[in-house]
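Please keep the model open while reading.

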Amino acid sequence: MPTLPVGQLQSLITTIFERAGAPPSHARIVADHLLEANLLGHDSHGVMRVAQYCNAIIENELLPDARPRLLRESLAGAVFDGCRGFGQVAATEAMNAAIDKARRAGVGAVTVRNCYHSGRLASYTQQAAAVGMIGIVMVNAGGGGQSVVPFGGRERRIATNPFSIAAPSDGEFPIVLDVATSMAPEGKIRDHHQRGAKLPDGWIVDADGCPSNDPSDFYGPPAGAILPLGGSAGYKGFGMALMIDIVAGALSGAGCCRAEKVPARDGILLMAIDVEQFVDPEAYFEQVAELVAHVKSCPPAPGFDEIFVPGEIEFREAQRRRLSGVAVCSQVWNDLQALADRLNMLRPTDSGSNGAPPKRHAFSGDAVPTDVAAS
């Protein structure tokens, strides 16, 4: 498992996406997003996604140079079409729009439909927190990506439907929650599969609905499913997932889960709330600090050394990894090397005299080898 300096990995990923047809600005947004996930310890949403995204470009599911298109706008709201482009590009622009509207109206709410995988949601809620606003983001897969059983069921009927809330604080980091409404996002199961590791108890069931610790039982064939968040109280996670499917899917126009099989194209709701238009900022930060201090003063239970608030573990891990580098599992590193070799050997057929990347991609029609199907 090689460990790479942050700068080297960032340069490699940016170049791969540029050679695959993304404009430099898009390539940098997506590369920064994936690398940030690795730095924070969320390898499931990091550079392991590069091969998945490149396969999606090959299969014409992802248009690397697509730009979001504004469909509708009001004082406090807007609707964007992601035009089958990178979800990170569309969601970043949409949150910027929500922030601008919140400055004028107190609250900004923006939806996005028809974009590819949007990645780690906390990246967008932290955009709002960085400018003194509370950020809220919810995502479904537009009716695709069904991988989770409803509570009490044994077949896939809904997606992992994550949500994130970030609140600014006067501390070293914002308070950030970013969770799937399932016991785990698919990416974490894929990460275990690539590393040859067993899954924790209670994450998945096999095709017969029986508990399993083997990630291959999820992928099949026949395919198993992820359990909703909550274990014996999984009706809570399932209930949240169902509501997010409506709020992120139906409200955005992306669509909800249904019997028809459709490609996974994210529907997103992004909200920004301007703190100072609701409460004096000094009083707000004082209350947040008091809450954090009160919670962290709790004596730890046996087996625990410290109480962490949401976002704290990630903040510490990022500090460590920026110094030590990012460890990449062998399968992911092999995928990156294969992509780099393949793209460097090919000459873009429609580049300009300045050597600009092609308008679409420089791949042939074959998929990049990976050990599991991406979702």
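Two residues are in contact when heavy atoms lie within 4.5 Å. The model is predicted. By that criterion V6, L9, Q10, I13, T14, F17 and E18 of helix α1 meet P24, A27, R28, V30, A31, D32, L34, L35 and L39 of helix α2. Sorted by class, this contact holds 11 nonpolar, two polar and three charged residues.

Helix α1 covers residues 6-19 and helix α2 residues 24-39.

Helix α2 can be checked for length. After the helix comes G41, with a positive phi near 95°.

Which residues of α2 are buried? They are H26, A27, V30, A31, H33, L34, L35, A37, N38 and L39. Their packing partners are α1, α3 (49-58), α4 (87-105), α5 (122-129), α10 (312-324) and β12 (326-327).

One of these buried residues, N38, deserves a separate look. The relative accessible area of N38 is 2%; the cut-off for buried is under 20%, so N38 counts as buried. Setting aside neighbours within four places in sequence, N38 is in contact with D43, G46, V47, R321 and V326.

Terms used: Residues are numbered from 1 along each chain as its sequence is written. This is a predicted model: local features need pLDDT of at least 70, side-chain atom pairs count only at pLDDT 80 or more; totals for chains, interfaces and linings use all residues. Side-chain values use heavy atoms; hydrogens and water are left out. Axes are lines fitted to C-alpha atoms, for helices over the stretch in contact, and angles run from 0 to 180 degrees between N-to-C directions. Helices (H or I, at least four residues) and strands (E, at least two) are DSSP runs, numbered from the N terminus. Ala, Val, Leu, Ile, Met, Phe, Trp, Tyr, Cys and Pro count as nonpolar, Asp, Glu, Lys and Arg as charged, and the others, Gly among them, as polar. Buried means under 20% relative accessible area, exposed over 50%, partly exposed in between (1.4 Å probe, protein chains only).
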